Amino acid sequence: MKMGHCAFTLVLALFLALGSPAAGLSLREQLALAEKDEDTYAQIELIRRILEQEPRDTALRGRLADLWLSIDDLEMAESIVRDWQKAPAALRAQVLAAVLFVREGKKPEAVALLERYLAEHPEDLEMTRRLAGYLDKMGEQKKAVDLLSKAPGVETDASLLVARAVARRSLQDFAGALRDFEAADRTDPENESVVNNRPSFDRLRTAVAGIRAASNVLAEQPRDSAALISRAYWYLSTGAANGAAFNDAEAARNVDPHSVAALILFAEASSRTGRLSAKDAREKLEVDVSKLIPTLTVLDGLWRLDRQISKDPKDVSALLRRSVELRENAQQGLLALRDAQSALSLDPTRTTARAAKMSALAKLGKIEEAIAELRTVESTKSTPEVLAESLSGLAEAALGTSQLELALAFSDRAIAAKPQARFYRQRAAILQRLERYADSQEDLARAQQLETGAVR
């Protein structure tokens, strides 16, 4: 119901309750207002009253059945067609199929019913649309494509073209899916289905280009780990080629068993294909699949560090750079912690390694353990930059768990160690959460001054 017409709805409800005409309007005039108001329940009640007076109005009877269907009241919709011996064939098929498919769970029977109807009425695109939807829900995308390829009129119906494009995408017929969507876009670019699906097909177009480019490299160099990682990423991006992504990620891991870039994609593909639960991915592979897949730029950066560490596993600087990349850009705290611990075991005196471990712990929400590491960082001759970064990481972790006063204390100390604009902005966000709005605005102003060079 639209809020702009709520006054009518209230008046109608009152007069219906009293059994009186609303403000002297006829039932059909009230129905017209209810339709404008998009008030389904008012329409149902008014049509029922009209039919009591005009039982032969078959058009209204059909509309009533449609309204019951729209609110998923299958019993009322079914009662109409059961009692209406001369109900239109389309309405009868639609209602009885819904009863079978939704209420009784007899999905094959519902599909068979609609197929029999369409065999006699192939021109009924609305029923074609309904059957295609049922097939999609059953995972029968091949049958949906066949249906939509044979039905007359589909090629000029934008929403049905989109339905076929979605089915073809599920079947990994990406070229066919893009052709169908482009045809739908040309037919009716303002169609709701076209508008809603345009972003996903734009992504698919980009993914297909990426798959093609990686495949060209792999045709010449089948063990090129960068190309395998790239293609696995693009396969995952399609949302419909998780098995292919798993194969490429697994192949990339075989080429370089210690690659974290390949590991992240392998865990994601394993989760999507049901080979590994989110819990197992975290416990066995140290990958959090609840996080978004890193961008290809981030994966490429990780791959380059993978290669560097593969050549020299004792490269502490590379391990620390990868830890930061995993923590900040890939959002993989467990892998970041692993690299920080490796770096620290190689060089126990390096304060940046200690700080990296502390930041990874903070990212994982292990604040008490992070504070213990912070004490060690503070007891050594850490640079103001390292100390400020460490304190800022703790402030972010405390903020993430709504420990606002603790977050503020860490943020204060980060600014005291190194008064940079980003630390002021962090504290401004904390102060905002604490409803200290004036103080928050002061910090934002201070940050802006530092960024523009007004404060030296």
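Serine 402 sits in the loop between α22 and α23, where helices (H or I, at least four residues) and strands (E, at least two) are DSSP runs numbered from the N terminus. The model is predicted: local features need pLDDT of at least 70, side-chain atom pairs count only at pLDDT 80 or more, and totals for chains, interfaces and linings use all residues. Residues are numbered from 1 along each chain as its sequence is written, and side-chain values use heavy atoms, with hydrogens and water left out.

The backbone of serine 402 deserves attention. Most residues other than glycine have a negative phi. Serine 402, however, has a positive phi, near 65°, and is not a glycine. Glutamate 435 likewise has a positive phi, about 65°, although it is not a glycine. Glutamate 435 belongs to the loop between α24 and α25 and counts as exposed because its relative accessibility is 57%.

The helices α23 and α24 can be taken next. Two packed helices are described by the angle between their axes and the distance between the axes. For helix α23 (residues 404-417) and helix α24 (residues 421-433), the axes come within 9 Å and cross at roughly 155°. The two helices are therefore roughly antiparallel. The axes are lines fitted to C-alpha atoms, for helices over the stretch in contact, and the angles run from 0 to 180 degrees between N-to-C directions. Angles under 35 degrees count as roughly parallel, over 145 as roughly antiparallel, 65 to 115 as roughly perpendicular and the rest as oblique. The crossing of α23 past α24 is left-handed, a term for a near helix turned anticlockwise from the far one by less than a right angle, with right-handed used if it is turned clockwise.

Contact here means heavy atoms within 4.5 Å. On the α23 side, Leu404, Ala407, Leu408, Ser411, Asp412, Ala414 and Ile415 meet Phe423, Tyr424, Gln426, Arg427, Ile430, Leu431 and Arg433 of α24. By class, the residues of this contact are nine nonpolar, two polar and three charged. Ala, Val, Leu, Ile, Met, Phe, Trp, Tyr, Cys and Pro count as nonpolar, Asp, Glu, Lys and Arg as charged, and the others, Gly among them, as polar.

Another helix pair is formed by α3 (residues 40-53) and α4 (residues 58-70), whose axes come within 10 Å and cross at roughly 150°. These helices are therefore roughly antiparallel to each other, and α3 passes α4 in a left-handed crossing. In their contact, Thr40, Gln43, Ile44, Ile47, Arg48, Ile50 and Leu51 of α3 meet Leu60, Arg61, Arg63, Leu64, Leu67, Trp68 and Ser70 of α4. The contact of α3 with α4 holds eight nonpolar, three polar and three charged residues.

Serine 390 lies in helix α22 (residues 384-400). Serine 390 counts as buried because its relative accessible area is 0%. A polar atom of its side chain lies 2.9 Å from the backbone oxygen of valine 386; a polar contact is a pair of N or O atoms within 3.5 Å, and within protein one must be able to donate a hydrogen and the other to accept it, while residues adjacent in sequence count only if both atoms are side-chain atoms. Not counting residues up to four places away in sequence, serine 390 touches Ala355, Met358, Ser359, Leu374 and Val377.

Threonine 452, in helix α25 (residues 437-452), is exposed, with a relative accessibility of 59%. Its side chain reaches the backbone oxygen of glutamine 448 at 3.0 Å and that of glutamine 449 at 3.2 Å. Between the C-alpha atoms of threonine 452 and valine 95, which are 357 residues apart along the chain, the separation is 67 Å.

Two further buried positions complete the account. Alanine 207, in helix α12 (residues 192-220), has a relative accessibility of 0% and so counts as buried. Leaving out residues up to four places away in sequence, alanine 207 touches Trp234, Ser237 and Thr238. Aspartate 248, in helix α14 (residues 242-255), is buried at 6% relative accessibility. Beyond its neighbours within four places in sequence, aspartate 248 is in contact with Leu228, Arg231, Ala232 and Tyr235.

Definitions and conventions: Buried means under 20% relative accessible area, exposed over 50%, partly exposed in between (1.4 Å probe, protein chains only).
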